[in-house]
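Trainee: I'm new to reading protein models. Could you walk me through this one, piece by piece?

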Amino acid sequence: VRGSRGFRAAAELVRDRAKAYGLADAQILEFPADGKTFYGTQKSRLAWDADFAELWELRNENGAWKPSIRLASWDAMPVSLAEDSESADVTSELIDVGDGTHDSDYAGKDVTGKLVLVAAQPGAVQKLAVDKFGAAGIISYAQNQRSAWWGEDENLVRWGHLDSFPAKKTFAFMVSLKTARALRDRLAHGEHIRMHAAVKAGQHPGVLSVVTATIPGAGPKFRDEEIAFSCHLDHQRPGANDNASGCVTILEVARTLQKLIDDGKLARPARTLRFIWPPEVEGTVTLLNARPEFARRIKAVVHMDMVGGNQSTKAVFHVTRGPMSLPSFVYDVGAAFGEFVNQESLQFAGSGEAAYPLVDPEGGKEPLQADFADFSMGSDHDVYQDSSFRIPAIYLNDYPDRYIHTNGDSAANIDPTKLKRAAFIGAASGYFLANLSTADTPELVRIVERASIERDAKLIANDEKLSPSEQRNQNGNSLAYESTVVGSINQFAPVDLSVRDSVTKFYMYRMNVVAILPGGIETIHTGPGAASEDPIYSRNDPKGPLSVFGYDYLADHLAQKGVARPKLLDYQGLWGSGEEYAYETLNFVDGKRSALQISYAVSAEYGPVPLELVSEYLHALESIGVLRRVQ
């Protein structure tokens, strides 16, 4: 966990390995974690450590209560203690309050000084159970993220977390569904269950650590530009796939590239390669705000979060694009290397022979079958691609994974072959981007054009779900997006003169193709001239996404202003949820697009959304100073 002794030990291990591998400038950057300091939108969370925690059911022996069954132990299973729990020594009855998230769950139940058994996450019930109704502590059997395997394994214990900025300090234990069902059944039959909870843990001022190291670039013109490899070093234990897999894989990428360079088998890249191991999301927000030179230098990111799940995890490996608010050829580079691995691994699986099977002696031999996915949220790539920083990221990740955030996320469920393939995709993508020059642009343009045609096919697949006007909007926004993707190459190297005419011809051809799709084209122009009821905004500081780990900047500041939660946050579209609509709505704010134009853009990306929801959200952001109206 961020700021803990365990995190520091992991950080020192990674730093020392990086030094041993010959990387440059291997160090641990430190930032105060005092519960007060803001790094952009991230309010620093206090460090948290745990020394001991046990939960026992007691039995009455001749009038004396004695330990009977141990239900949870920090030493035996760290995930059984919820993050940010505080020290306590409580002996009390257990009361079942169902989900625990509504006042009605507590009706007719006296939970004062008692332990409450809840189905929801501890942090979701804390304000009611502890702050309002006076419970002494929480026992949760919250289940994992919903997937086809949701609730199927009743022995799994899920990672839990409490509020990082609580009004009242408390503790929470996590138990399995099997344990909870037995307890609920006994309570339902009128049995009184008495428990003893002992916790030695708590928050304290500390430091947030970020490990970083580099392979310096050789090009005098480009060495100050960087291609970053990112992961997140923190997580509940065991946390093998989430995210020891990403951490060890970028470390192996660093080792391999450095060795190949040292052995003269690979030229030193023109741009610097940087490797970063932060606490998830909050560490990246902190780094880019506290050290703005990182944000200035980084041109693109390869982010790895869960890249090793074997067949037992049911994981699907994704090479994920960035959002439509940030058009870039970078995503097509990652997809091209992913497709190469798909083809080579499939050929090997089917015949036993391939030029590049990318198989580890201790791993599987199955084809990778990587999915090339549209943008999805949930890790540090959100921070880089936020409109504050606008750094394109190739996101390599497994999802679903039936063991994510549970005691089942163990090393036994990691496939070394999968790690090797993820490492290759990441290393090849990063090294190519670090060396990209004008000479590479003819082939790169062809790769982008092929990917553009494939994206056109998705438009056709979406048409049946949209009205004619919605189809026109989607087609028009897609055309605008694709015309920007090739242009983004120029941010790395000027496109070769030999292909500039062909690029123009291709996009004229593509415009004609899109024009004959159902609905045709409707272009939404940006710029001045919007009506007063259709305002245009620009973004202010602070920098970073508005909802980060352990702290919700938006919710906190709306509450301070007495502004209601915007309805957009709870909206469900055809291809996106409220969180994604909100993220992109803010990202599309550029001082040129009006509220109407932004609603068209997010509708094209995630499915139609009412203008009034987008307008309400933008107005809410204006009310807390995140946006300013420019027209």
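Mentor: Helices (H or I, at least four residues) and strands (E, at least two) are DSSP runs, numbered from the N terminus. This is a predicted model, where local features need pLDDT of at least 70, side-chain atom pairs count only at pLDDT 80 or more, and totals for chains, interfaces and linings use all residues. Residues are numbered from 1 along each chain as its sequence is written, and side-chain values use heavy atoms, with hydrogens and water left out.

Trainee: Which residue of strand 5 is the bridge partner of Trp-56?

Mentor: Two strands pair if DSSP finds at least two bridges between them. Strand 4 (residues 47–61) and strand 5 are antiparallel partners over eight bridges. Along them, Glu-61 is opposite Ala-64. For Trp-56, the bridge partner is Arg-70.

Trainee: Which are the edge strands of the open sheet?

Mentor: Seven strands build the open sheet, with mixed pairing, in the order 5-4-10-6-7-8-9. An edge strand pairs on one side only, and here those are strand 5 (64–73) and strand 9 (172–174).

Trainee: At what angle does helix 3 run to strand 6?

Mentor: Angles run from 0 to 180 degrees between N-to-C directions, and the axes are lines fitted to C-alpha atoms, for helices over the stretch in contact. Helix 3 (residues 177–188) lies across strand 4, strand 5, strand 6 (88–96), strand 7 (115–118) and strand 10 (194–204). Its angle to strand 6 is about 65 degrees.

Trainee: Is Ala-136 buried, partly exposed or exposed?

Mentor: Ala-136 sits in the loop between helix 2 (122–132) and strand 8 (137–140). Buried means under 20% relative accessible area, exposed over 50%, and partly exposed in between (1.4 Å probe, protein chains only). Ala-136 has 22% relative accessibility, so the label is partly exposed.

Trainee: How is helix 11 oriented relative to helix 12?

Mentor: Helix 11 (residues 468–487) and helix 12 (residues 497–515) pack at about 170 degrees, with axes 11 Å apart. Angles under 35 degrees count as roughly parallel, over 145 as roughly antiparallel, 65 to 115 as roughly perpendicular and the rest as oblique. So helix 11 and helix 12 are roughly antiparallel.

Trainee: What about helix 14 and helix 15: how are they oriented to each other?

Mentor: Helix 14 (residues 578–587) and helix 15 (residues 595–606) pack at about 135 degrees, their axes 10 Å apart. Among the residues that meet there are Tyr-581 of helix 14 and Val-602 of helix 15. The two helices are therefore oblique.

Notes:
Contact = heavy atoms within 4.5 Å.
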